[in-house]
Amino acid sequence: MANDALYAVPRFRRSGDTALTVEVGDGIDADVNARVVDLDRALTERALPGIVEIVPTYRTLLVCFDPVMLSRRDIEAEIMALWPPVAPKGQVRRRWTVPVAYGGDNGMDLDWLAQRLDTTTDEIVARHSAAEYRVYMIGFMPGFAYLGGLDAALHVDRRPEPRLVTPPCSVSIGGQQAAVAPPLASPSGWHMLGRTPVRSYDPRRTHEPFLFRAGDLLRFRPISVAEFAALERAAETGAIIAEREEFKV
Amino acid sequence: MSVDLEIVEPGLATTLQDLGRRGFQRFGISASGVMDPIALATANALVGNKLETAALEITLAGPTLTCAGADIRFALAGADFAVAIDGRPVSSHETHDLKAGQRLSIGTARDGARAVLAVSGGFQVAPMLGSVSTHSRSQLGGLDGGALRAGDRLPLAVPGLPARPHLMVSPAHRRRAQGAVRVLLGPQDDAFSAEGIATFFASDYTVTALSDRMGCRLEGPRVQHAGAVGIVSDGTVFGSIQIPGNGQPIILLADRQTTGGYPKIATVISADLPRLAQLRPGERVRFQAIEEDAAIQLARDMRERIRRIDASLVEIQRTAVPTSDHLLACNLIDGVISAFD
């Protein structure tokens, strides 16, 4: 059970006079990220006056605070008192199923990847949609989900020259990671496999502008171009078309 | 029908900003918000608004504006810009009344880079995710998620002139801070060689023209990494100084990406963030490491300065139509009053 990637005690890194970076483990690792999620929850529940915002990432929490109300030492002591954070019993987790139209105009790198990996596009789609992914963090842009759990057969280095613009709602892979982009065009050095009608971010969907959060599980489901069009029309009205399943662990 | 401030010419990068979005960085939403919070507080205090009221942030070259439906009172604070009403120059850093149909032209910045234009009563714009701050990359805030464009109309919350005296910023409070930008080392100073850190603190860096609200890109002696250039991406703050593979520092600003994969050698102290807003392309900066306790004291001092912002303002007497004689008179008054500071 012991995972060397987990630190015995957190490593504190100063990020100016208004933030503290708390590093809980090494590298991109599901156990390390789970500890980030658990510490995020535990610290959020403490609701310390003076903590302004907490940003969970792969292996760190960025704790932003008001230095006039709270000192860095206070926060470090608080975290040590909560250490090691544990997930509450009966915790609810979420598993999303995200429909994807693979290849063609939706996934401009699928053919290239098949050549590069000396396989078929069907095989890539099958492997990409068979895996269960973990949302490690949301970052880079609104609702952009970084996913771990990509089939090792699909690990391909990023492009040497990033593209300046890639399509909104792209589903992509880069190195050992996968991603779902929000409905915004963005620069990227990753490989574009397809697009989803799901809007991971939609500020007009005021009750739930963001769908995914760190610790969620996620799968992809291949869909046709026709189904993509139908689902996209539904998404335009504000419907959440990603399927969501909640379960207790 | 609303009474609107109309954008005749938008200027280089004019955006609606308040203090930005808090609590959404975990969802990839940049805080955004005004680059120079002291300028926002000052401009709002001049026109009698709450200090955090949303206002227009103006960069290097300003907009031309008009309001057909009402007289409005406005003030500019922050960088010193050329300002004119119907072509007649007026002073920055003080309140003026713009009569219905007159044109307000903000020219270029004479010193510094960014000013805030506040209008008495503020604007009637619906917040998105708790703020009206514009973040173009997320298409959030402002009127339609972007910088203001010609023909845009900003509805005024309280059209008309307030019943309060005209005010100006006392000259002592207009000066730009000089000297090195102060930082705390970290969070990833261990990703740099001793030589790299020494270079970083011993060198002048020039602000490049590629700088914007996302980041201030600097050019100068290369800062050497100790080993790998990449880190596992983590969260960023306003003031994080990241060093990509080319060794050229980038100071992350209000519109920065929420996470980044380059090591961050140091972080600008919160009290020096307003100074970053005023850096002009071509200007040189140098960094100085200070102690954490000193940074916190400076943060307290800045908080106190904003809390007591009214103390930096002085009343001015003005006839209905300012004349050059009158402007000279204002300067005389200004000299006398500053003697009491």
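## Where the two chains meet

In this predicted model, 35 residues of chain A are in contact with 37 residues of chain B. Which elements of chain A give two or more residues to the side that touches chain B? They are strand 1, strand 2 (19-25), strand 3, strand 4 and strand 6 (133-138) of chain A. Strand 3 of chain A gives the largest share, with five residues.

What kinds of residues make up this side of chain A? There are 21 nonpolar residues, nine polar ones and five charged ones.

## The sheet in chain A

Let's look at some of those strands again. Four strands of chain A build an open sheet, arranged in the order 1-2-4-3, and their pairing is antiparallel. As a bit of background, strands of a sheet pair through backbone hydrogen bonds, and the pairing can be parallel or antiparallel.

Which strands stand at the edges of the sheet? Strand 1 (6-14) and strand 3 (51-56) of chain A do, each with a single partner strand, so one side of each is left without a neighbour in the sheet. On average, and ignoring direction, neighbouring strands of this sheet are turned by 20 degrees against each other.

You can follow one pairing in the structure above. Strand 3 of chain A and strand 4 (residues 60-65) of chain A run antiparallel and are joined by five bridges. For I51(A), the bridge partner in strand 4 of chain A is F65(A).

## Two helices that cross

Two packed helices are described by the angle between their axes and the distance between the axes. In chain A, the axes of helix 1 (residues 30-46) and helix 2 (residues 72-82) come within 11 Å and cross at roughly 120 degrees. The crossing of helix 1 and helix 2 of chain A is right-handed.

From helix 1 of chain A come L39(A), A42(A), L43(A) and R46(A), and from helix 2 of chain A come E78(A), I79(A) and L82(A). In this contact of helix 1 with helix 2 of chain A, five residues are nonpolar, none are polar and two are charged.

## A look at chain B

Chain B has five helices and 21 strands. Its radius of gyration is 21 Å, close to the 20 Å that the globule rule gives for 341 residues, so chain B is as compact as a globular protein of that length. Along the principal axes, the C-alpha atoms of chain B fill a box of roughly 65 × 45 × 30 Å.

How much of chain B is buried? Buried residues make up 48% of its 341 residues. Among the contacts in chain B with a separation of 6 or more, 77% are between residues 24 or more positions apart.

Definitions and conventions:
Residues numbered from 1 in each chain as written. Chains lettered and ligands numbered in written order. Predicted model: local features only at pLDDT ≥ 70, side-chain atom pairs only at ≥ 80, totals over all residues. Axes fitted to C-alpha atoms, helices over the stretch in contact; angles between N-to-C directions. Left-handed = near helix turned anticlockwise from the far one by under 90°. Contact = placed C-beta atoms within 7 Å. Nonpolar A, V, L, I, M, F, W, Y, C, P; charged D, E, K, R; others polar. Pairing = 2+ DSSP bridges. Rg over C-alpha atoms; globule rule 2.2 N^0.38 Å. Buried ≥ 20, exposed ≤ 12 C-beta atoms within 10 Å, placed from the backbone.
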